[in-house]
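Hello,

Here is the structure I promised to pass on to you. Have a look at it first, and then read on for what turned up in it.

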Amino acid sequence: MTHTPYFSKYTIKTSQETLKELNVTDSGLSQPEVKKRTDSIGKNELVGRQTHWYDILFRQLQSPFLYLLIAAAILSFFLGEKIDGIMILIFVGINSLLGFYQEYRSEKTLQYLKQYVVAKTKVYRDGKEETIRSRELVPGDIIRLQPGDIIPADIRFLTSEVLLVDESLLTGESIAVQKIHEVLSKEATVIYKASNIGFSGTSVVSGKGLGVVIGTGKNTAIGGITSLTVETKHESTFEKGLGRLSNFILKLISITLIFIVLINILLKGPNEQISTLIIFAIALAISVIPEALPVVTTFSFSRGALRLARHKVVVKRLSAIEDLGSIEVLCSDKTGTITENKLTVDSYYPNSTNTALYASLATPLESIDNLTDSFDIALHNALTPEERKLYTTYQKCKEVPFDPKRKRNSVLVTKNNKAELIVRGAFESISLLCKPEISDDMKKWVENEGKQGKRVIAVGKKYLGKITEENLVKEERDLTLVGLISFIDPLKETAKVAIKKAASLNIKIKILTGDSKEVAGAVAAQTGL
């Protein structure tokens, strides 16, 4: 049976129904109600089990091999070998204290770094807007979002104005998604379909909006993912290997003990003193225990941790060093790891020098001085110096913002007192507005680009002669197709080098991605996999 996420029910509720369920008005929560909800639900933060110094110290002693060494020390004292017993305990002490020092310092470093990350949010309470720490948010709080904000909790949007949100943190998708505040026709059970929900940790690329908090802390989408890392008990390869070695030595001691006693009884008869034989067998078995092994491995791991620290990597668990060194297959995300997670213009059809210029002219009016949309940034970077100079000769007058249902936006520009309408959007949307009809070669080009995981937009234009007072939507017909532009998320400069270095270390790289197999294959081919 499929589990339905908690946010799904809010996707088919109106704004007022959501506010009513959360028992909040348009003016926000009152301070007494905030305190009540904070006491009941807790702070808006992802907190796992707090690690104390004694937890770290106790963790150093949780090893079957150390148990074996302590048992050997006790037996050594019992047999009168005090020096051997003391030496074994010294080895145990050095190993535990060294491991404790390294891991305790790493834990303190992480806590120290967290003190510098203090997120704040604009929230409405008692009818007034105020800025608070994001950790103080509670369900029912109404927050205001603008470009550059990181959404501090899971929210249901109440209003939205050309709102684009980067959800790559949760979906791996490098393209910002359009967010709306209207009710969905069907309940969304997956993140990428919940277009009227904002998720904690995602960031606002452009536009603005209001949202009401529906989930905080661990009761968010990212909180559910984080809880898996807290609840999952991980045993490193080194710890497993050490456990197997301990079991082997324990079995060896047991077999040796039984074997020596039985052989002596068979050779010397039942009159042989059993107690003496047992003591001799135990002493012989203890001699095979490598007392210095834990100290040697801990010193080696500490040296590895220090080398990583020089590269600004904090190692919380020393045993993780061995895991890192024993990797045979490395599974890597594609977006943002192998690729830049940043769109760039790849190609044009037809090969027109004006396509990028007209596409840039269709940038929304509010974004002219502060580009935030990944398409707009890529287009601006693709302009030649001549095109940038020509760009400044146009004036933007009116616009129709991008609509996810229409899959396009329109901008009216003027130059030398002549008006020109530019329409930019999805190929399937723009192609229906153009004359003459789109050729089969162009359709095939779009299809091939799509198979390679590239994004394609079309740009159309229409001369109006003069600035029209009519609704621009009515003028979106009989357009002349300027051209098509494909965008790609390029490889990181370091990707090929890193994959080549991994191959030299006999490490196999596997790409894990939500994109199609054609996209994954294209990226793999570019990296040399």
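Predicted model: local features only at pLDDT ≥ 70, side-chain atom pairs only at ≥ 80, totals over all residues.

As general background, nonpolar side chains in soluble globular proteins tend to be buried together.

You will find serine 347 in strand S9 (residues 344–349). Is serine 347 buried or exposed? Its relative accessible area is 19%, and the cut-off for buried is under 20%, so serine 347 counts as buried. Beyond its neighbours within four places in sequence, serine 347 is in contact with Trp445, Glu449, Leu484, Ile485 and Ser486. Serine 347 and serine 486 are 139 residues apart in sequence, yet their C-alpha atoms are 5.4 Å apart in space.

Now for the charged pairs. How many salt bridges does a search of the whole structure find? The search finds 17. Here are some of them:

- Glutamate 129 and arginine 144 meet through their side chains at 2.8 Å, N to O. This pair links strand S2 (residues 128–133), which holds glutamate 129, with strand S3 (residues 142–145), which holds arginine 144. Glutamate 129 is partly exposed at 36% relative accessibility, and arginine 144 is partly exposed at 25%.
- Arginine 406 and glutamate 476 form a salt bridge at 2.6 Å, N to O. The two are 70 residues apart, with arginine 406 in the loop between strand S10 (395–403) and S11 and glutamate 476 in the loop between S13 and S14. Both of these residues are buried.
- Lysine 462 and glutamate 475 form a salt bridge at 3.3 Å, N to O. Lysine 462 sits in strand S13 and glutamate 475 in the loop between S13 and S14, 13 residues apart. Lysine 462 and glutamate 475 are both buried.

There is also one network, in which salt bridges with shared partners join Lys9, Lys13 and Glu21.

On the surface, look for a nonpolar patch formed by Phe77, Ile83, Ile86, Met87, Leu89, Ile90, Ile94 and Phe299, with about 730 Å² of accessible area together. Helix H6 (residues 82–114) gives the most to this patch, with 6 residues. Phenylalanine 77 lies in helix H5 (residues 64–78) and is partly exposed, at 36% relative accessibility.

Finally, the overall picture. The protein has 529 residues, of which 42% count as buried, and its secondary structure comes to 19 helices and 15 strands. The mean pLDDT is 82, and 88% of the residues reach 70 or more. Among the elements, helix H10 (residues 274–286) has the lowest mean pLDDT, at 66, while strand S6 (residues 197–198) has the highest, at 94.

Enjoy exploring!

Methods: Residues numbered from 1 in each chain as written. Heavy atoms only, no water. Patch = residues over 30% accessible without salt bridge, like charges linked within 9 Å, V, L, I, M, F, W, Y side chains within 5 Å. Areas by Shrake-Rupley, 256 points an atom, 1.4 Å probe, with all protein chains shown as cover. Salt bridge = Lys/Arg side-chain N within 4 Å of Asp/Glu carboxyl O. Helix = DSSP H or I, 4+ residues; strand = E, 2+ residues; numbered from the N terminus. Buried < 20%, exposed > 50% of the residue type's maximum accessible area, 1.4 Å probe, protein only. pLDDT = per-residue confidence, 0-100. Contact = heavy atoms within 4.5 Å.
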